[in-house]
Amino acid sequence: MNPIPLHHYLAVGAVLFCLGMIGFLARRNLIVMFLSAEMMLQAVAINLVAFARYRGNLVGQTFTLFIITVAACEAAVALALILLLYRSKGSLDVSLWQDLREAGQEPTLDEEPLPPPPAEAPLPQLTPSGVEPRRREETSHV
Amino acid sequence: MIANLTRFIRFLLVDNGPVTLVAALGLAAVYLLLPRPRNSVRAGAALAGLTLLLAGVLIVRANVATPEVILFYAFSGIAVVAGGLLVTQSNPARAALSFALVVLSTCGLFLLQAAPFLMATTIIIYAGAIIVTFLFVLMLAQQSGVSDADRRSREPLLAAVTGFILLGSLLYVLNLSYGTDDLDGLLATTRRAKDAASVKEMSDVLGDVDEGNQAFFTGFRKAVLKEQEKVDVGAEPEVRSVSQKLADEALNLQSVWLDARQKDDADKARAVFADLEKVALRARESFAVLQPRSDRPMSSLSGPPANLALYPSLGDDARPAAALRRDEATGRPKLPAENTAYLGRALFTDHLLAVELAGTLLLVATVGAIAIAHRRGERNA
């Protein structure tokens, strides 16, 4: 009976890493971009822990501990930066900052209009049934 | 040019069909699922499901359903699906929650790899602190639900192509270096032959009885020489000479076996298979292994030093294999059960400077985060 071989863990790590890379390249929300970067770190951590098991040696696990430390620092600083960026533009969209691009680079413009947001469902209304009873004129009983 | 192109296409489709197919399907699925103004979610979801199914059929070849195997595939399946959701989900709060799912299933994989302390740390720090902070910032910044930026992607096609080309090449390299399925099969046959009672039974186990078990030994030599055949140009001269030596050893053992079979000498035959097992283990060890030279002094405080051989060697190496604390059943080195204590020992002996640096980094990051997020104008107002 063989245990799960090393390269299966490495393959899971590779898949997560590539998905994270696609997310970092394609998404425009700053927070989702940072989540994708964190996922890439997780993929690397899987690889390191698998190597630690493979060699029977704790160096890989130690390295993962440092990855977690650095990820925590990165999250703290990144979130502070995101807050700062949000305060100056009022949005998390990263393409609002594209005037920082290289000289001679064409700006990306959104050409295709977004479809209108789905209409809000109307509030429920009771259908009137029968005949409304005549209201009595209000009289004062003073 | 044309010849090169056809060779490349044949390399993609014929030699590595499964990897190419899975990568291409995944590419199409992720491309369709990435948020865009005109999104075709249903087709993308169907393609993604097809990709997962196909990858499952191609990858999962476990014939025994041990708890480890089931847990591994469950955790990695959840991790991959949640990762895909993170990337393609247009609502950032849901993306953060699927990241939590990725982290939790990664922790399951850590536990399978004998790292309970890391599992606990990752859950506490990632799921407990980082994701909560992300959600906090998200709610602070984006109170009106999904914004316009979340419904568009930057260059979805190019990003997906880049990612899946990287994935395809990574999987190809992994398969090339670690794909030892043929060698593992031969190893299992060898072990069964070693345990057989008589010479005749051994011969039956090997198969191809009339030709003197030629097929088994030819396959064995071929599997041992695989490293050399596949990466003929790139292989290190050292690795090449090792696999050539092992193949020669297998050839010698074949003649010894034929001799033993003729004389019906069961003990001698058993010795042959014991040696053959060592050859196979050594060959598997030499696949895709980069390790420091064995004469370098290395610290043994974090477990067996990295330059110690993984498998018992053929006898030309003086190191005792017992020093590796190996597990008899699985052939893997054992990790100490007191994971936290040993991790602490490794941290505060071999990696003391790194621990101090990490502490300093945490302090600097805390101060930096406060300094960055601080509103300067408000104190006077």
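What covers the buried residues of helix α7 in chain B includes α1 (6-26) of chain A together with α2 (17-33) of chain B. Here, buried means that 20 or more other C-beta atoms lie within 10 Å of a residue's own; exposed means 12 or fewer, partly exposed is anything in between, and C-beta atoms are placed from the backbone. The model is a predicted one, so local features need pLDDT of at least 70 and side-chain atom pairs count only at pLDDT 80 or more, while totals for chains, interfaces and linings use all residues. Residues are numbered from 1 along each chain as its sequence is written, and chains are lettered from A, with ligands numbered from 1, in the order in which they are written.

Helices (H or I, at least four residues) and strands (E, at least two) are DSSP runs, numbered from the N terminus. α7(B) covers residues 156-178, and its 23 residues reach 32 Å from the first C-alpha to the last, close to the 33 Å expected. That expected span is 1.5 Å times one less than the number of residues. The buried residues of α7(B) include Pro156(B), Ala159(B), Ala160(B), Gly163(B), Phe164(B) and Leu167(B). An α-helix has 3.6 residues a turn, so residues three or four places apart point the same way.

Glu155(B) is not a glycine, yet its phi is positive, about 45°. Glu155(B) is partly exposed, with 13 other C-beta atoms within 10 Å. Ala114(B) also has a positive phi, near 60°, and is found in the loop between α5 (92-112) and α6 (116-141) of chain B. Ala114(B) is partly exposed, with 18 other C-beta atoms within 10 Å. As a whole, chain B has 15 helices and zero strands, and 31% of its 381 residues are buried.

Over in chain A, the axes of α2 (residues 30-55) and α3 (residues 59-89) come within 9 Å and cross at roughly 175°. The axes are lines fitted to C-alpha atoms, for helices over the stretch in contact, with angles running from 0 to 180 degrees between N-to-C directions. The contact of α2(A) with α3(A) involves 17 nonpolar, three polar and one charged residue. In this count Ala, Val, Leu, Ile, Met, Phe, Trp, Tyr, Cys and Pro are nonpolar, Asp, Glu, Lys and Arg are charged, and the others, Gly among them, are polar. After α3(A) comes Gly90(A), with a positive phi near 75°.

The two chains meet through 71 residues from chain A and 89 residues from chain B, where contact means C-beta atoms, placed from the backbone, within 7 Å. On the side of chain A that touches chain B, α3(A) gives the most, with 21 residues. That side has 48 nonpolar, 15 polar and eight charged residues.

Then there are the nonpolar cores, sets of buried Ala, Val, Leu, Ile, Met, Phe, Trp, Tyr and Cys residues joined through C-beta atoms within 7 Å. Of the 89 residues in the largest one, Ile31(A) and Leu35(A) touch the most other members. Leaving aside neighbours within four places in sequence, the contacts of Ile31(A) include Ile82(A), Pro92(B) and Phe134(B). A second, separate core of 23 residues includes Leu183(B) and Phe220(B).
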